[in-house]
Amino acid sequence: MDEEYDAIVLGTGLKECILSGLLSVSGKRVLHIDRNKYYGGESASITPLEELFSKFKAPPPDQSYGRGRDWNVDLIPKFLMANGLLVKLLIHTGVTRYVEFKNIEGSYVYKTGKISKVPIDQQEALSSDLMGLFEKRRFRNFLIWVQNLQEDVPTTWDGFDPFNRSMADLYEKFRLEKNTQDFTGHALALYRDDDYIMQNAITTIRRIKLYSDSLARYGKSPYLYPMYGLGELPQGFARLSAIYGGTYMLDKPIDEIVIKDGKVVGVRSGDETASCKQVFCDPTYVPDRVKKVGQVIRCICLLNHPINGTNNALSTQIIIPQKQVNRHSDIYVSLVSHTHQVASKGWFIAMVSTTVETDNPELEIKPGLDLLAPIKQKFVYVSDYMEPVDDGSESQIFVSTSYDATTHFETTCLDVLDIFKRATGEEFDFKKMKHELGDEDQ
């Protein structure tokens, strides 16, 4: 270990594994260390099932759950947008060779106690039970306008400047009702709160287009999920790093991040020290360099039935917009099953998550849990949401944020790309990436 590296990455959470992959491909000499024996860190998949019950100090599962090794339960489940940032990273880095994906069957939104399919095209808008007859036509016209808008062709803007006018103005232009604004902002544009309404409309338009483009790729929903669970993703990026010369060490304690004159110079484990110019890590490795800005509650639920009202879907996402349940942030429900090789046949894994707002977090997710009833077994846990206190430019220690309550990876990838830019001084170039990979890696 007593060697010099361009970068040392601590922790094998998904963000850290993506970063080590990108840095290795960019020609950096990378050492990747984790104090755990397994890949994934906070974003690991737990297998066998007995280990999950043990982790939460529950009595062991009975025989009805089938074989324990048939289960892979994500601690922080998220879906991939089919046309989103993570899929672009996977394709451009060739990691798709190591991971197989399956489409999520449905995408739903909660309104006044029941769930409805998220309408995304003109046909669905006209048949949706979320809106009355006249509102359907207004929403259909809104969707057509969004799809036809070209940012560099002002004649497609129909007199509305999306760069200088707010989303509130755009809703007003189409006279959309509050409920319609609710599912547009939260189920299509995937915002966690309503701050976006007063911001420039163009950002929301891009997010709705991303949802629509992702949906167009596979048809049933805009989301994908890896076979055998999310634990496959960190391992895929770890393999990528190894191909480009990255070195991995699991089960290695980290005793000290060595700093000289305010800048990182190495990492010490026992009496071994590896020198480096930069360190990348998750918040758990540098408690003195992060601040707590909130908490996220997650509840893993094991079910032996699909969710009512989803047409017996074997996988789905449901978003409960904040205003529907008098909250400031949305509640997310995700469901995967034996079709993804993460549970025994006939079984389902659901997750309910949200940002904590009160001193009774479990009561906050009740609307989500009610949709899942009856629940055979549930595991509830609350995690602190941490952010770095600085951008890392002085110390050259770059810290990722904790994983948020959302059930998609867009915010995760934005954090990774932001860290990459802070550390290298340049945006990650997707085009250059594809060009640099050999033909066999395409």
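Predicted model: local features only at pLDDT ≥ 70, side-chain atom pairs only at ≥ 80, totals over all residues.
Me: How do α7 and α8 pack, and at what angle?
Reply: Look at the two helix axes. Helix α7 spans residues 178–188 and helix α8 spans residues 201–218. They pack at an angle of about 65 degrees, with their axes 9 Å apart. Angles of 65 to 115 degrees count as roughly perpendicular, so α7 and α8 are roughly perpendicular to each other.

Me: Which residues of α7 and α8 make the contact?
Reply: From α7 come T184, A187 and L188. From α8 come R207, I208 and Y211. By class, that contact has 4 nonpolar, 1 polar and 1 charged residues.

Me: Is the crossing of α7 and α8 left-handed or right-handed?
Reply: The crossing is left-handed.

Me: Now the strands. In what order do β5, β6 and β9 lie?
Reply: Read across the sheet. The order is β5-β9-β6, in an open sheet of 3 strands with antiparallel pairing. The edge strands are β5 (80–81) and β6 (101–103), and each pairs on one side only.

Me: How many bridges join β5 and β9?
Reply: The two pair over 2 bridges, in the antiparallel sense. Strand β9 covers residues 223–226. M81 stands opposite Y223 in β9.

Me: Last, H340. Where does H340 lie, and is H340 buried or exposed?
Reply: H340 lies in the loop between β16 (331–337) and β17 (348–355). Buried means under 20% relative accessible area. H340 has 0%, so H340 is buried.

Me: What is H340 in contact with, leaving aside its neighbours within four places in sequence?
Reply: The contacts include K102, N103 and I104. Also among them are Y225, P226, L314 and S315.

Terms used
Residues numbered from 1 in each chain as written. Heavy atoms only, no water. Helix = DSSP H or I, 4+ residues; strand = E, 2+ residues; numbered from the N terminus. Buried < 20%, exposed > 50% of the residue type's maximum accessible area, 1.4 Å probe, protein only. Contact = heavy atoms within 4.5 Å. Pairing = 2+ DSSP bridges. Axes fitted to C-alpha atoms, helices over the stretch in contact; angles between N-to-C directions. Parallel < 35°, antiparallel > 145°, perpendicular 65-115°, else oblique. Left-handed = near helix turned anticlockwise from the far one by under 90°. Nonpolar A, V, L, I, M, F, W, Y, C, P; charged D, E, K, R; others polar.
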